[in-house]
Amino acid sequence: MVLPLLFLTILGSGFNRYFSYRNNVSYMEFVGPGIVGMQLLFASMFGGLSVLWDRQFGFLKEILVAPVSRFAIMIGKTVGAVTTSMVKALVFLLAIILGGLVNTSLIGFVLTLFFMLLISASFVSLGIAFAAKMEDPHGFQLIMNFIIMPIFFLSGALFPLENLPYWLNALTLLNPLTYGIDGMRFALGGHNVFSPMIDAIVLFGFWLGASLVGTVLFKTMPAS
Amino acid sequence: MEIEKGELFGLLGPNGAGKTTLISILSTILSASSGKAFVFGHDVGSEQDAVRKRIGIVFQDPSLDDELTGEENLDFHGRLYGMNRSVRRERVDEVMSLVDLDDRRRDIVKTYSGGMRRRLEIARGLMHMPCVLFLDEPTLGLDPQTRRKIWTYIKELKVTYGMTIILTTHYMDEADRLCSRVAIIDNGEIVALDSPTSLKRELGGDVLQLEIPVGIDVLMNKVQTIDEINRIKSENQTLSLHVADGESFLPTVFKLAQEVDVAVTSVSMRKPNLEDVFIKHTGREIRDESVTEAKERIRLFMRRKSK
């Protein structure tokens with residue numbers, strides 16, 4: 001939780017003065033939902049990857065020989081990881097709301113929670129899919145550098161996506177987190193690019209796909 | 001191969017013989033590449049849940065949650081097996097006292113010693129009262145005192161619950177001491193299957209070892225004509241003879257040695273052990289001591305590292 005905090009406080013304060021977006025949207029207001037999304041992305045991916053640690057410590061075997069369906073184990077893992085990442089992200093959400101960085105209503109708050117849940121479930125499923133395919137936790141760094149960071153930087157969490165070069169814009173459109181953060185921006189002050197309906201549909205579709213792949217890979221994963 | 005209900009069955013073989021693989025197949029973790037296996041009449045390939053309900057397993061490598069207390073590990077296990085709260089509490093009390101961990105049950109597993117972890121894992125395997133318990137190398141890497149303690153628990157299980165226990169080990173004395181029957185496995189094949197006593201009897205009695213610096217071949221040719229000797233082996237300067245009754249045969253050997261004028265510098269006699277059985281069936285020692293020990297050191301190192 002340190003990294004998002006640094007991004008919010010230091011990067012946020014630093015850019016705040018040089019930022020101009022739409023009608024006087026401050027950088028703090030802009031980056032707030034992005035930081036919530038960042039926290040969700042990191043915590044969810046690592047939550048999914050915890051399967052890998054279970055395997056490393058041998059604990060996965062204990063679970064896999066129990067008379068419990070593989071599907072139930074995967075659901076349990078997902079719900080657990082979603083819960084922890086939601087709690088972590090909620091801390092940031094409350095901080096930016098109580099700190100007066102963003103304007104929201106009760107409906108906006110609930111809508112934000114809805115988008116947060118979709119983001120979290122999506123990336124937990126993705127994390128589980130990776131964990132099922134990876135041999136050992138040393139691949140961790142690889143995942144960090146080649147998956148999580150690009151997703152984060154290409155999500156519009158830190159800067160507006162309008163007016164990006166064409167090739168970069170294309171990449172951000174392929175990124176599910178883009179739609180998650182856009183949805184949250186809609187709920188927290190209305191600074192969205194896409195319609196929130198589109199945001200929800202794209203995220204939902206991604207979550208469905210990731211959890212489907214995750215389930216298949218999880219079922220065929222070796223125990224040790 | 002069939003294992004009877006209530007039997008304490010040993011799978012014996014060197015590292016890499018396929019003991020753990022067999023256990024993994026029987027416990028539904030791995031699927032068999034060919035052939036079929038049944039646990040209490042249930043196919044391990046197609047009736048996984050029925051099999052899983054009936055088995056308890058203590059893995060070769062640690063599989064506890066280090067961050068939880070001993071009690072919590074057991075409780076979690078009980079939940080996985082669908083036991084309700086009162087039953088769980090009752091069973092935790094029972095298995096904890098069985099492995100003498102009563103006083104440490106509320107401590108975090110991280111603080112346990114290797115022997116205590118093993119005992120906790122055995123307790124966990126017993127939580128849901130399985131019909132059959134698999135113990136994969138239960139005493140690997142433990143000190144002699146702890147090993148002996150674990151042997152006591154295993155024997156107790158058999159006596160008090162009449163539980164079917166399948167144990168793998170590469171320690172010959174362990175199999176000899178505990179098991180009613182053993183299967184010797186080498187390179188994934190069963191090379192012998194019987195009770196330790198009859199396996200040893202098959203060898204043809206006691207082993208006489210004579211140290212002969214010069215003229216070992218001469219004496220060997222001489223003793224080959226004697227009917228009482230069941231097996232002869234010469235290695236370096238040592239001549240090994242298997243005879244039904246070692247004590248009474250000893251003078252005969254000396255007489256023969258004198259006849260061919262060969263000096264015997266030292267003599268030892270011992271009852272055969274399962275190691276000899278293994279050598280007979282595979283033609284080599286169960287383990288090259290140094291290699292195994294190095295492997296064990298690596299394993300222990302990896303265990304520590306993974307903590």
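I began with terms: helices (H or I, at least four residues) and strands (E, at least two) are DSSP runs, numbered from the N terminus. With that settled, I found twelve helices and twelve strands in chain B.

I noted that this is a predicted model, where local features need pLDDT of at least 70, side-chain atom pairs count only at pLDDT 80 or more, and totals for chains, interfaces and linings use all residues. Residues are numbered from 1 along each chain as its sequence is written, while chains are lettered from A and ligands numbered from 1 in the order in which they are written.

**Chain B as a whole.** I looked up its extent: the C-alpha trace of chain B spans about 80 × 40 × 35 Å along its principal axes. Of the 307 residues in chain B, 35% are buried.

**Where the chains meet.** I counted two residues as in contact if their C-beta atoms, placed from the backbone, lie within 7 Å. Chain A gives 13 residues to the contact and chain B gives 15 residues. On the chain A side, helix 3 (residues 59–64) supplies the largest share, five residues.

**The cores.** A nonpolar core is a set of buried Ala, Val, Leu, Ile, Met, Phe, Trp, Tyr and Cys residues joined through C-beta atoms within 7 Å. Which residues touch the most other members of the largest one? I found A:Leu41, B:Ala123, B:Phe134 and B:Ile165, in a core of 115 residues. Helix 2 (residues 27–56) of chain A brings the largest share of this core, 16 residues. Another core, of eleven residues, lies apart from it and includes B:Leu208 and B:Val262.

**Helix 6 of chain A.** I checked its length: at 1.5 Å a residue, the 14 residues (140–153) should span 20 Å, and the end C-alpha atoms are 18 Å apart, which agrees. The expected span is 1.5 Å times one less than the number of residues. In this helix A:Ile143, A:Ile148, A:Ile151 and A:Phe152 are buried.

**A sheet in chain B.** I say two strands pair if DSSP finds at least two bridges between them. Four strands form an open sheet in the order 10-11-9-12, with antiparallel pairing. Strand 10 (229–235) and strand 12 (266–270) are the edges, each pairing on one side only. Strand 9 (residues 206–211) pairs with strand 12 over five bridges, and B:Val207 stands opposite B:Arg270.

Terms used. A residue is buried if 20 or more other C-beta atoms lie within 10 Å of its own, exposed if 12 or fewer, and partly exposed in between; C-beta atoms are placed from the backbone.
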